[in-house]
Amino acid sequence: MDENLHDSRLEIETAHWQAKEARLRKLFGSSPSVENSILREKLRWHENILVKYKNTSYLEERSMLYLIRNERLNLIKQLYPGRLSQILYRIATSAVLNKLRNRMQTGAEVKNKKAVMDQLFSAGFKDAAVKTERYMALGHAAFTVPLSYYVNEKERMDFSLHFKKEESGRYQFEGFKAGLHDLSKTAQNRNHYFSADEPGIFSSKKAYEMLSGRAVMAAGFWKQFDFNDKDAAGSYRIKQFPEAYGYDIEKALTVLPLTADSRTQIFRVINALKDGSRESVSVEKDGVVQKLVIEADPQHKFLNMYDQGLKKITLTGLLKDKKNLPQSVPKQHPVVQPVQRFYQKRGERKRRGRRIK
């Protein structure tokens with residue numbers, strides 16, 4: 001698809017010029033002076049195109065540039081028939097074309113730099129901006145920028161950002177490798193390469209959430225790593241759950257006896273869960289308010305729930321209603337104990353009566 005876009009852009013510019021040339025001839029006729037002016041304008045267009053697409057790496061555009069270069073030579077011969085006048089024209093325009101080329105190159109570099117910086121900031125890597133600018137200025141064909149920070153006292157995220165220079169001179173932020181290191185559980189260190197071709201999960205935040213085992217919503221799919229399955233490059237395979245799978249996170253939340261305060265925050269909570277975050281909510285059971293930590297669980301079409309100490313809670317345990325259940329009795333005092341006591345006392349009375357007799 002990208003190849004076709006680049007193939008067609010030069011065709012579009014050529015078609016625009018041909019339409020403009022036809023309008024000029026229609027408006028001003030075909031007198032020698034008009035013809036000469038149109039040829040000069042046509043020559044300038046050819047020269048601008050040759051400068052603009054000089055560094056293209058696309059085969060179709062290079063083929064078209066070859067034809068445009070030959071057409072430029074023919075126009076110079078038409079406008080400047082003498083050999084000397086052709087040489088003088090080339091000398092006079094050489095400096096102008098170089099200046100134009102430098103100006104266009106500088107403008108393209110500025111645009112490219114802005115595009116890369118925007119992508120960095122959007123993905124949550126603003127702290128890597130200074131190093132990235134420095135490497136781009138040096139003109140390296142490819143480079144990586146390391147970045148590391150602590151998420152909390154036990155978890156550290158390490159990143160390696162990958163950049164590559166195209167034949168056109170433009171830099172691309174191709175992707176990043178992310179590693180989540182749990183300092184309390186060294187066996188749980190996890191790494192994955194995130195490609196810029198997956199914009200829905202191309203961010204430092206979503207990288208952390210997914211490497212923590214949580215699911216995120218991206219491009220209409222719930223996505224979650226399968227930590228038991230890796231591809232040939234050592235990255236985790238992604239489990240995807242489309243809308244047709246039937247996971248309705250809003251419906252899952254309605255099962256919980258949320259307090260009024262938590263219900264007012266429901267849309268914020270839903271959006272946070274879709275981003276892979278763990279969220280704190282309050283539920284009310286038998287008049288007692290309890291804090292829960294929840295996260296999305298698309299595979300089982302519900303929520304993972306934890307207490308404040310992050311101990312997992314089941315829905316059955318949460319919704320158990322004491323009013324509808326038999327009162328719990330300590331094990332050392334069985335339910336049959338009162339009945340047993342009655343017969344024990346009756347037996348004691350009978351035994352006392354026999355002794356009196």
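Predicted model: local features only at pLDDT ≥ 70, side-chain atom pairs only at ≥ 80, totals over all residues.
User: What percentage of the 357 residues is buried?
Analyst: Buried means under 20% relative accessible area, exposed over 50%, and partly exposed in between (1.4 Å probe, protein chains only). In the protein chain of 357 residues, the buried share is 34%.

User: How many helices and strands does the protein chain have?
Analyst: Helices (H or I, at least four residues) and strands (E, at least two) are DSSP runs, numbered from the N terminus. The count for the protein chain is eleven helices and eleven strands.

User: How far apart are the end C-alpha atoms of helix H2?
Analyst: The expected span of a helix is 1.5 Å times one less than its number of residues. Helix H2 (residues 32–52) has 21 residues, so its span should be 30 Å. The model agrees, as the distance between the end C-alpha atoms is 30 Å.

User: Is Ser 262 buried or exposed?
Analyst: Ser 262 belongs to helix H8 (residues 260–264). Leaving aside residues up to four places away in sequence, Ser 262 touches Val 281 and Ser 282, where contact means heavy atoms within 4.5 Å. Its relative accessibility is 10%, so Ser 262 counts as buried.

User: Which loop holds Lys 301, a residue with a positive phi?
Analyst: Most residues other than glycine have a negative phi. Lys 301 is not a glycine, yet its phi is about 60 degrees. Lys 301 is partly exposed, with a relative accessible area of 41%. Its loop runs between strand E9 (288–297) and strand E10 (302–306).

User: What is the relative accessibility of Leu 310?
Analyst: Leu 310 also has a positive phi, near 60 degrees. Leu 310 is placed in the loop between E10 and strand E11 (312–313). Leu 310 counts as partly exposed because its relative accessibility is 45%.

Definitions and conventions
Residues numbered from 1 in each chain as written. Heavy atoms only, no water.
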